Amino acid sequence: MKKLYLIRHAKSSWDSSASSDYDRPINDRGRSDIPKIALFLKNGGFIPEKIFCSSAVRAQSTARLIAGGIGVSTDLIEGDRRLYLADVNQMQSIMREFSDEYESVFVVAHNPTVTDCANLLADDSIVNIPTCGIYGIELAIDSWSKLRNGVGECLFFQVPKEL
């Protein structure tokens, strides 16, 4: 069994002076949501062996702050530019490339892909995973290469405003 934690990046700033969507930073609400989510993950024992992350600034910041909050090294974070604009098929293709040495993985990325991926993998009907929301899935696979729709079961769906 593999465990996958799909994380939507923290709330970002539309008012920043960033030159592009890719460069938008997280905002104050995003920075205040991350410690709540990190504490939830840490207390639940939901600790990754690897963190795959969109290379967009807001996703990278989210991944680094969560890693610090749960007490793991930021060396676990691997940025992947493909996750920035990936659709659900592309995201699942990227996940099929994960090394089987990892049993527990965080993926920090963007909507609507994060929500779509959760719904397809776990046969669920979540309307929206909000910013800094996390959807944990237990996957009935022994190799990431076997990832496909319907192989997962929801472990939890957590959003910051409920903490």
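This report describes the sheet, the helices, the nonpolar cores and the salt bridges of one predicted protein model.

Because the model is predicted, local features need a pLDDT of at least 70 and side-chain atom pairs count only at pLDDT 80 or more, whereas totals for chains, interfaces and linings use all residues. Residues are numbered from 1 along each chain as its sequence is written, and side-chain values use heavy atoms, with hydrogens and water left out.

**The sheet**

Helices (H or I, at least four residues) and strands (E, at least two) are DSSP runs, numbered from the N terminus. Six strands form an open sheet of mixed pairing, in the order β3-β2-β4-β1-β5-β6. Two strands count as paired if DSSP finds at least two bridges between them. Strands β3 and β6 (152-158) stand at the edges with a single partner strand each, so one side of each is left without a neighbour in the sheet. From one strand to the next, the twist averages 20°. Strands of a sheet pair through backbone hydrogen bonds, either parallel or antiparallel. Strands β1 and β5 (residues 134-139) run antiparallel and are joined by six bridges. Tyrosine 5 has glycine 136 in β5 as its bridge partner.

Two helices lie across the sheet strands named here. Helix α1 lies across β4, β5 and β6, running at about 135° to β6. Helix α3 lies across β1, β3 and β4, and its angle to β4 is about 145°. For these angles, axes are lines fitted to C-alpha atoms, for helices over the stretch in contact, and angles run from 0 to 180 degrees between N-to-C directions.

**The nonpolar cores**

A nonpolar core is a set of buried Ala, Val, Leu, Ile, Met, Phe, Trp, Tyr and Cys residues joined through side-chain atoms within 4.5 Å. Buried means under 20% relative accessible area, exposed means over 50%, and partly exposed lies in between (1.4 Å probe, protein chains only). The largest core has 28 residues, and those with the most contacts inside it are Leu4, Leu6, Met91, Met95 and Val107. At least two residues of this core come from each of β1, α3, β4, α4 and β5. Helix α4 gives the most, with five residues. Leucine 4 touches several residues, among them Met95, Val107, Leu121 and Trp144, not counting residues up to four places away in sequence; contact means heavy atoms within 4.5 Å. A second, separate core of 23 residues includes Tyr5, Ala10, Ile37 and Phe106.

**Helix α4 and threonine 115**

Helix α4 is mostly covered, since eight of its ten residues are buried. Its buried residues include Val114, Thr115, Cys117 and Leu121. The buried residues of α4 pack against β1, α3, β4, β5 and β6. Just after the helix, aspartate 123 takes a positive phi of about 50°.

Threonine 115 is placed in this helix, which spans residues 113-122. Threonine 115 counts as buried because its relative accessible area is 4%. Its side chain makes a polar contact of 2.9 Å with the side chain of asparagine 111. A polar contact is a pair of N or O atoms within 3.5 Å; within protein, one must be able to donate a hydrogen and the other to accept it, and residues adjacent in sequence count only if both atoms are side-chain atoms. The side chain of threonine 115 also reaches the backbone nitrogen of isoleucine 129 at 2.8 Å. Not counting residues up to four places away in sequence, threonine 115 touches Ile126, Val127, Asn128 and Ile129.

**Salt bridges**

The structure holds eleven salt bridges. A salt bridge is a side-chain nitrogen of Lys or Arg within 4 Å of a carboxyl oxygen of Asp or Glu. The table lists examples.

| Salt bridge | N to O distance |
|---|---|
| Glutamate 103 and lysine 2 | 3.0 Å |
| Aspartate 28 and arginine 31 | 2.7 Å |
| Arginine 82 and glutamate 97 | 3.0 Å |

Arginine 82 lies in the loop between β3 (77-80) and α3, and glutamate 97 in the loop between α3 and β4, so that pair links distant parts of the chain, 15 residues apart. Arginine 82 is partly exposed, at 41% relative accessibility. In the salt bridge between glutamate 103 and lysine 2, glutamate 103 lies in the loop between α3 (88-96) and β4 (104-109) and lysine 2 in strand β1 (residues 2-8), so the pair ties together parts that are 101 residues apart in sequence. Glutamate 103 is partly exposed at 37% relative accessibility, whereas lysine 2 is buried at 1%. Aspartate 28 and arginine 31 both lie in helix α1 (residues 28-44), three residues apart, about one turn of the helix. Aspartate 28 is exposed at 60% relative accessibility, and arginine 31 is partly exposed at 42%. Asp21, Arg24 and Arg58 are linked in a network of salt bridges.
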